[in-house]
Amino acid sequence: MATDTSPVVVNPLLPECLEGHLTLEDFNGEDAVEFRPDDFSYYKGVLTSIVPGIVLGCLAAIAMIGVIIWTSVSFCRCCCTTRRKRTDRLPEDTIEDQFITADRTKENAYQVDAHFGLPKTLTWSEKYKVEKILNWSIVLFMLATVGVASWGIYSSIDHTNGVVGEFWNVFDLVENVAISVSNILTQLTGLIDEVEPALETVMKNEDLLLSAANNDQLLGLESLITNGLNELGNVKGILYDLKEPVRTAQEVANETFVQGLQGFRDSFESPTMAFQTTGRFIAIAVLFGMVILFSLVSAGFVVWGSYPRVGATAVIMLWLFVALLMFLGVGLLKGVNYVAEDGCLYTETFVVNYAGDYIGDPLAKKFALRAIEYYVNPIPPTEYVVGEAASKIVDPKAGDLLNLYETSGLEELLLQLPTLTNLPVVSSVLSADLKSSLSSLASAAPEALDSIKEIDRIGSRTNIYDLYSAIKAYICCALSSDLSGLFDAWVATGCLSLVLATLCTWRLVWFVRKKYKYV
């Protein structure tokens, strides 16, 4: 059992939908213990998976800032030089390191080429070929980026269609089970409070009842009464031991599970469903739509060779959305996918150890851990075992009571009790208080036993295993698969737009230097 000093390692259930993507060979006991998504230190390990996204995002952001600075300086120099030339009217051959007019010599033109990486010996025909290759490269990468970004919109919407809805569907199943068990335990607590004093009164008058059972008019029923009273004596001891565990189980079921689940729903259902129905479409459309828009504008203006300020602005904005794609796609989504895979392998270990660490009340902790460890068993149950679930999620005495009820004459006695107490030969020797106790016992005891039966049925592994499998299938398959699909679309779009932004920046620098011809 989990404690604060001895973490437990639990083998995971790996659903068939994984299709070998993750196997038990990927399970590591040390990693299982270190999987604590509630602890910030766990995410230090996640950082290694998002480093490429952070690096590429930072490079894109630096490139964006560089283009902003370069264009600001370039256009300011252009404007200042033009005004000074108009006012000073200096002779053309005295202007150095400034803009030159279009009729400058071929030698100065070679100097211009040298500033952006072209050799001074490059002929005009050779430079034209390089420029043509660059332009066509930009066009091709622009088409590829637009195409992949369009697919990214469809893929992102498709892979987020079921993430939130499926989660709340599974959540509803868990909550319904928790509410059902909590309600039954609440009812059982009241029934035990009713049965216990009635049973106490009956057992005090056991000799009187046994004497009545020996009457010749009860021929054939004496053994039923005698054996039933013996079993009621056993029930009395079990109920005495069971009263406090049932109350504790009811409190834990209600306060820890039902109220905890309801609080989680109140906090997150509305915002997540709003994101599912509206927010995700806006976010996806804006991000990929802006990539498509600025890819077209950037490529169009830098290749066209007009309106350099518009082209520069578009390139800057393209770099901005490249940075976002890298941070979110290559970075954040990779990290979330990393956590999802860990969750698939180590959720069972985390749940057991979390309950052991953070449930303070010893009785509540004992109850919670016994129940959790009962359910997080990857081996499918073969058959329903009477009393097994009641023993695990309430108390072992509850299982004993069910087995006693099933194997003894107690059930028949409780059914016959109203008839027996109304017989004149029995009724005449019973006090009013004893009659009332027998009546209460006849009505409340079967209900209490039925409640334990219902808990045993609802809480059995044969009933819960499908829910357990659905939870793991969501974590391991639906969530992981959807995140992987998102990752592919965002990374592909980000990489293509990164190359396109680089080519557009190169072409923009070439275009501005060629247009304004300053050295």
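Colleague: In this predicted model, which backbone oxygen lies 2.9 Å from a polar atom of the side chain of Lys-365?

Modeller: That oxygen belongs to Gly-356, whose backbone oxygen is placed 2.9 Å from a polar atom at the side chain of Lys-365. Lys-365 itself is part of helix α9, which covers residues 362-375.

Colleague: How should I read the packing of two helices, and at what angle do the axes of α8 and α9 cross?

Modeller: Two packed helices are described by two quantities, the angle between their axes and the distance between those axes. Here the axes of helix α8 (residues 308-358) and α9 come within 9 Å, and they cross at roughly 175 degrees. Angles over 145 degrees count as roughly antiparallel, and therefore α8 is described as roughly antiparallel to α9. On the α8 side, Val-351, Val-352, Ala-355 and Gly-356 take part, and they meet Lys-365, Leu-369, Ile-372 and Glu-373 of α9. Sorted by class, this contact of α8 with α9 has 5 nonpolar, 1 polar and 2 charged residues.

Colleague: What is the angle between helix α11 and helix α14, and how far apart are their axes?

Modeller: Helix α11 (residues 396-407) packs against helix α14 (residues 432-458) at an angle of about 115 degrees, and their axes are 10 Å apart. That angle makes α11 roughly perpendicular to α14. The crossing in which α11 passes α14 is left-handed. From α11 the contact draws on Ala-398, Leu-401, Leu-402, Tyr-405 and Glu-406, and from α14 on Leu-449, Ile-452, Lys-453 and Asp-456. By class, the contact of α11 with α14 has 6 nonpolar and 3 charged residues, with no polar ones.

Colleague: Helix α14 also packs with α5, so are those two roughly parallel or antiparallel?

Modeller: The axes of α5 and α14 come within 7 Å and cross at roughly 155 degrees, which makes α5 roughly antiparallel to α14. The crossing of α5 and α14 is left-handed, and the residues of their contact divide into 19 nonpolar, 7 polar and 4 charged.

Colleague: How many salt bridges does a search of the whole structure find?

Modeller: Side chains of opposite charge can pair when their charged atoms come close. Searching the whole structure gives 10 salt bridges. One of them is formed by the side chains of Lys-243 and Glu-196, at 3.0 Å from N to O. This pair links distant parts of the chain, with Lys-243 in helix α7 (residues 222-304) and Glu-196 in helix α5 (residues 163-204), 47 residues apart.

How values were computed
Residues numbered from 1 in each chain as written. Predicted model: local features only at pLDDT ≥ 70, side-chain atom pairs only at ≥ 80, totals over all residues. Heavy atoms only, no water. Axes fitted to C-alpha atoms, helices over the stretch in contact; angles between N-to-C directions. Helix = DSSP H or I, 4+ residues; strand = E, 2+ residues; numbered from the N terminus. Parallel < 35°, antiparallel > 145°, perpendicular 65-115°, else oblique. Left-handed = near helix turned anticlockwise from the far one by under 90°. Contact = heavy atoms within 4.5 Å. Nonpolar A, V, L, I, M, F, W, Y, C, P; charged D, E, K, R; others polar. Polar contact = N/O pair within 3.5 Å; in protein donor to acceptor, adjacent residues only side chain to side chain. Salt bridge = Lys/Arg side-chain N within 4 Å of Asp/Glu carboxyl O.
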